[in-house]
Amino acid sequence: MVKVNDGFLKLENDYLFSDISRKVKEYKEKNKDKKVISLGIGDVSLPLTKNVIEAMQKAVNEMSKKETFRGYGIVQGYDFLIEKIISYDYEKRGIKLDKDEVFIGAGTKGDLAGMIELFSIDNTVALMNPVYPAYRDANIMLKRNKIIYLETSEENKFIPNLPNERADIIYLCSPNNPTGTVLNKEELTKWVKYAKENNSIIFYDSVYECFIEDEKIPHSIYEIEGAKDVAIEFRSYSKNAGFTGVRCSYTVVPKALEVFDDNKQKIDINALWRRRQSTKFGAASYITQRAAEAIYTEEGQKQIRQNIEYYKENARYIKSELKLLGYTVFGGENSPYIWLRTPNNMKSWEFFDILLNKAGVVGTPGVGFRRLRGRIF
Ligand SMILES: *Cc1c(COP(=O)(O)O)cnc(C)c1O
């Protein structure tokens with residue numbers, strides 16, 4: 001008899017975005033003359049920048065000629081892109097990386113799901129709560145049952161505390177999706193110290209780092225001393241350059257990572273990841289990597305900044321208006337996300353319905369991001 005991986009059967013149905021679209025469709029049918037402002041799709045809304053489009057067109061052209069055609073790429077990614085990443089995203093912040101520590105991917109979602117495969121399911125994973133739901137689901141699919149939640153709320157300003165029990169793998173997301181909160185240098189130092197003391201590893205998701213404006217907030221976890229021993233960093237072109245449909249990302253896997261086997265021998269995670277990628281990942285396309293490279297010029301940076309500023313301006317506006325209306329609001333600074341407290345402890349779906357029906361605005365119910373308090377799987 002064929003048996004399925006029952007990790008998949010333990011997943012809860014992913015109804016959030018389909019429920020949202022169903023409700024919006026119903027509203028539109030009933031209110032044909034009304035405009036709907038959608039904040040709830042979890043996608044970018046501006047097209048790719050001119051520089052990116054031109055680079056893609058040029059790369060497509062190269063693919064049409066025998067002399068410049070490219071077939072299978074390199075698992076690691078092309079040097080032309082990796083070199084730009086190192087110089088623009090890291091050296092400018094005083095971080096040194098070797099080229100073989102940066103891996104180009106086809107989206108952080110896949111990079112995160114792949115990376116967790118490298119680690120035994122005996123590990124305990126710690127997740128911020130609320131947070132991007134794919135972290136948890138990728139673990140459930142692997143049948144991990146040791147998951148602990150780092151509860152965040154108004155009380156701790158959505159900044160997670162260190163866990164009371166041992167966590168082997170800690171996912172940190174800053175700026176956070178969905179609360180919009182950021183971890184400052186002090187907070188990150190605390191986590192790096194924890195990871196060093198406990199021989200843990202940190203998955204650092206900084207796909208929203210381009211929204212950070214406060215100079216004191218680190219863009220990379222490697223701005224913290226010693227972080228290369230304990231952290232893997234995930235970055236994407238989805239949110240900074242609108243690549244949600246193009247698909248390009250990168251992962252930094254430092255060779256210094258300190259992971260040991262039972263005999264206290266160091267395991268080379270960087271080599272394991274390369275091995276895993278060469279078997280399971282076909283490399284990001286040449287066209288895509290040329291497109292990503294195009295953001296790393298003065299003009300390329302200027303163009304993506306304009307788009308980022310547009311999202312930031314929206315967030316600022318939404319936040320200030322909500323505050324004027326008396327709402328308790330988080331995020332919206334150093335982040336495109338706004339997280340608000342519903343009035344009188346109203347359920348988030350109920351608030352969603354009111355917002356849609358009274359104002360024609362589509363939000364995202366917070367319940368889609370939060371696990372129930374204390375629930376351990
Ligand atoms: C959007 C998002 C990602 C995934 O981005 P990709 O499009 O797969 O590169 C990863 N983490 C968080 C927190 C996100 O919001």
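Me: How far apart do the C-alpha centres of domain 1 and domain 2 lie?

Reply: This is a predicted model, in which local features need pLDDT of at least 70, side-chain atom pairs count only at pLDDT 80 or more, and totals for chains, interfaces and linings use all residues. Residues are numbered from 1 along each chain as its sequence is written, and side-chain values use heavy atoms, with hydrogens and water left out. Domain 1 comprises 8-47 + 300-369 and domain 2 comprises 52-293, the bounds coming from an automatic or database domain assignment. The separation of their C-alpha centres is 26 Å.

Me: What area do domain 1 and domain 2 bury between them?

Reply: Buried area is the accessible area (1.4 Å probe) that two parts lose on being put together, summed over both. Of the area buried here, 61% is on carbon and sulfur atoms. On the side of domain 1, Asn334, Tyr337 and Phe369 supply 28% of what that domain buries, more than any other three residues. The total is about 2600 Å².

Me: Which residue forms a salt bridge with Arg341?

Reply: A salt bridge requires a side-chain nitrogen of Lys or Arg within 4 Å of a carboxyl oxygen of Asp or Glu. Three such bridges are found across the interface of domain 1 and domain 2. For Arg341, the closest N and O atoms are 2.4 Å apart, and the partner is Glu154.

Me: Which element gives the most residues to the side of domain 1 that touches domain 2?

Reply: Helices (H or I, at least four residues) and strands (E, at least two) are DSSP runs, numbered from the N terminus. The elements giving two or more residues to this side are β9 (329-331), β10 (338-340) and α10 (298-324). With seven residues, the greatest contributor is α10.
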